[in-house]
Amino acid sequence: MNRKLVIARYGERTLIVVYEQEKAVSIQVYEENSSLVGNIYVGKVKNILRSINAAFVELSDGQICYYEPKNKKVLYTAQNRADKLTVGDELVLQIGKDATKTKAPLAKADFNLSGRYLVLIYGETGIMFSKKISDSGWKEKWEQKLKPFCPENCGMIVRTNAYDATDAVLLKECDRLTEQMRRIVEQAIYKKCHTRLYQAPSALTALIRDFHTVDEIVTDCADLAEMLHETFPGYQIRLYEDENLPLYKLHALEKLTRDCLSPKVWLKSGGYLVIEPTEALTVIDVNSGKFTKSKNPNGTHRKTNMEAAVEIARQIRLRNLSGMILVDFIDLKKKEDQETLLSYMNQLLCQDPVGAEALDLTRLNLMEIIRRRIYKPFYEQMGGRLEWSGHEK
């Protein structure tokens with residue numbers, strides 16, 4: 001797959017745009033260390049809500065996070081403590097989701113260390129493989145090779161990228177992650193409460209690391225270009241220095257940003273989408289608009305819905321929409337058409353690296369989609385509101 005990253009200054013912000021097959025599929029605002037996701041801390045339990053099996057835990061700088069205990073191994077700093085979670089307990093937690101407008105950051109006890117090829121997880125056991133790796137012989141070989149390296153109380157996930165890596169590269173990353181995990185576990189019991197045990201890579205570094213391939217990275221930020229050269233020495237990284245034509249204008253990022261902040265998205269057929277995020281979920285409405293060519297209404301609806309599915313999958317990723325997403329497709333009368341649409345939607349969503357799935361179509365023809373919530377949606381990164389574009393077609 002042809003993949004290119006453009007990192008460009010746009011006003012007071014720096015935008016990161018991912019292009020696949022020369023089409024923008026992701027845009028976000030770059031802010032160094034603005035996210036807590038991936039950081040590991042020694043936290044202290046401040047309050048326990050027994051009725052919902054949850055707790056509020058204080059991290060560094062008075063930051064309060066939300067924690068739901070699971071039936072998994074938890075790393076506590078004190079050896080002699082009650083079996084149940086109690087106020088005052090100190091434990092190691094990792095931030096899994098950033099705070100939203102009304103919710104504190106979400107923390108988890110099964111903290112992990114992610115590499116390009118492997119993920120080491122505390123509280124798990126065994127070697128697990130990406131669903132996209134189907135070679136059973138290869139998996140059996142690496143399960144036996146990696147099992148001896150897993151530290152106590154830890155499991156390992158072998159990522160899709162690992163399949164094309166050399167043995168030496170995989171084993172080198174395995175050594176690095178296991179040594180890093182060993183230090184965190186050993187140091188946790190000696191560190192003061194609220195200590196940050198691990199600083200996660202920036203969202204930009206994690207984004208590049210998680211891609212299987214990146215053909216080119218172009219930026220007009222000299223400091224970022226230098227950092228990327230050091231972090232990813234094998235990548236093609238180009239510093240853009242044409243003052244007469246800024247990088248954001250060369251790639252029409254002003255229009256892309258405006259389009260991503262508009263609720264209305266036009267389809268080539270003349271139909272359109274209306275995207276409305278709310279506090280609890282995101283609602284997407286599909287309209288046939290000007291597309292009335294077919295004499296068969298079902299044919300029109302079917303074609304519009306299939307075209308809309310492609311654009312919805314792209315917009316979800318482009319705008320970083322997450323959580324629960326409800327799509328109001330144009331009514332399809334035939335059960336087989338509904339099943340075809342659901343299957344097609346999942347084919348499109350499986351290409352999303354964050355992880356998304358279309359669960360079902362309700363009796364009202366609302367498609368239920370879920371997507372992992374990690375970073376803030378793009379409209380929140382840009383100020384927290386959607387705006388109608390200034391023109392209609």
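## Pairing of E9 and E10

In this predicted model, strand E9 and strand E10 (residues 118-122) run antiparallel and are joined by three bridges. Within this part of the structure, Leu113 stands opposite Leu120 in E10.

## The four-stranded sheet

E9 and E10 belong to an open sheet of four strands, whose order is E9-E10-E12-E11 and whose pairing is mixed. Strand E9 (112-114) and strand E11 (126-129) form the edges, each pairing on one side only. On average, neighbouring strands of the sheet are turned by 20° against each other, direction ignored.

## A helix across the sheet

Helix H1 (residues 136-146) lies across E10, E11 and strand E12 (154-158). The direction of H1 is at about 145° to that of E11.

## Packing of H3 and H4

Two packed helices are described by the angle between their axes and the distance between the axes. For helix H3 (residues 203-210) and helix H4 (residues 222-231), the angle is about 45° and the axes are 12 Å apart. The crossing of H3 past H4 is right-handed.

On the H3 side, the residues in contact are Leu204, Thr205 and Ile208; they meet Leu224, Met227, Leu228 and Thr231 in H4. By class, this contact of H3 with H4 comprises five nonpolar and two polar residues, with no charged residues.

Methods. Residues numbered from 1 in each chain as written. Predicted model: local features only at pLDDT ≥ 70, side-chain atom pairs only at ≥ 80, totals over all residues. Heavy atoms only, no water. Axes fitted to C-alpha atoms, helices over the stretch in contact; angles between N-to-C directions. Helix = DSSP H or I, 4+ residues; strand = E, 2+ residues; numbered from the N terminus. Left-handed = near helix turned anticlockwise from the far one by under 90°. Contact = heavy atoms within 4.5 Å. Nonpolar A, V, L, I, M, F, W, Y, C, P; charged D, E, K, R; others polar. Pairing = 2+ DSSP bridges.
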